[in-house]
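Today I open a new model and look up a few of its helices.

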Amino acid sequence: MITITTYSWVPPFAQGLVRDLRVRWALEEAGLPYRANLIAHPDRLSAGHVGKQPFAQVPVYEEDDLVLFESGAIVLHIGEKSEALLPKDAVAKARATQWIFAALNSIEQFVSNYVFLDAFYANEEWAKLRKPSAREQLVARLKQLSQRLDGRDYLEGQFTAGDLMMSSVLRIMRDSEVLDGLPNLAKYRARCEARPAFQKALADNMAPYAEHAPAA
Ligand SMILES: N[C@@H](CCC(=O)N[C@@H](CS)C(=O)NCC(=O)O)C(=O)O
């Protein structure tokens, strides 16, 4: 049985964003059953966990003898198991795969650089000074993505693991209004998130938080 390790509880600003969501979504699209191994946030530092995830983060994916970290590598691995995520045709598969890397390498760093300023450093003077240039860099990248998406529903015409990862990265901006200026990207994110597999994954990602919420 595939096992996904993730946190039993995270603060509200992170709920619905923890990266096990990407993995759960991929498993739902592929129709593969799995179980969740929930750990408390401090337990990410345990020797046992760091042995599986060297950066003391989640998610971790386990399947028989295989232990994987990095959500991109995990989604790629799951994608190999299902044409719902990666086409069999070599060219189509390579094109879908490039979007997984584009999401993680060419977009996510700009999203994180911007969103983290408010999420973690909102009261820091340096963060206030950095915000306009971080936003400018982010918007420049998003405009390029928006142009490429053009009139398509999905980046390569049909939904692939590349869309799963790209829309997951766009989701990190859910509390910002940045996508308001790029309506085709906002609609693209909504289209991806309307998929039943995403909705199931999100419900399962959120369910443990109510049960494990710290006593007030
Ligand atoms: N590049 C990693 C990033 C993993 C990551 O950022 N995990 C976060 C949760 S979404 C985490 O465990 N953060 C805990 C911490 O750094 O304290 C991946 O995509 O799997």
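I started with the buried residues of α8: they are Ala197, Phe198, Ala201 and Asn205. Buried means that 20 or more other C-beta atoms lie within 10 Å of a residue's own; 12 or fewer means exposed, in between means partly exposed, and C-beta atoms are placed from the backbone. Looking down the axis of α8, I find its buried residues within an arc of 110°, so they line one face of the helix. That arc is taken over the directions from the helix axis to the C-beta atoms.

I noted that the model is predicted: local features need pLDDT of at least 70 and side-chain atom pairs 80 or more, while totals for chains, interfaces and linings use all residues. Residues are numbered from 1 along each chain as its sequence is written.

I then checked the other face of α8, turned away from the buried side. There I find the exposed residues Pro196, Ala203, Ala207, Ala210 and Glu211. I also looked up what covers the buried residues, and the cover includes α1 (20-30) and α7 (183-193). Helices here are DSSP runs (H or I, at least four residues), numbered from the N terminus.

Next I looked at a helix pair. Helix α6 (residues 161-171) packs with α7 at an angle of about 115°, and their axes are 9 Å apart. Axes are lines fitted to C-alpha atoms, for helices over the stretch in contact, and angles run from 0 to 180 degrees between N-to-C directions.

Last, I checked Lys131, which lies in helix α5 (residues 125-149). Lys131 counts as partly exposed because it has 16 C-beta neighbours inside 10 Å.

How values were computed: Helix = DSSP H or I, 4+ residues; strand = E, 2+ residues; numbered from the N terminus. Contact = placed C-beta atoms within 7 Å.
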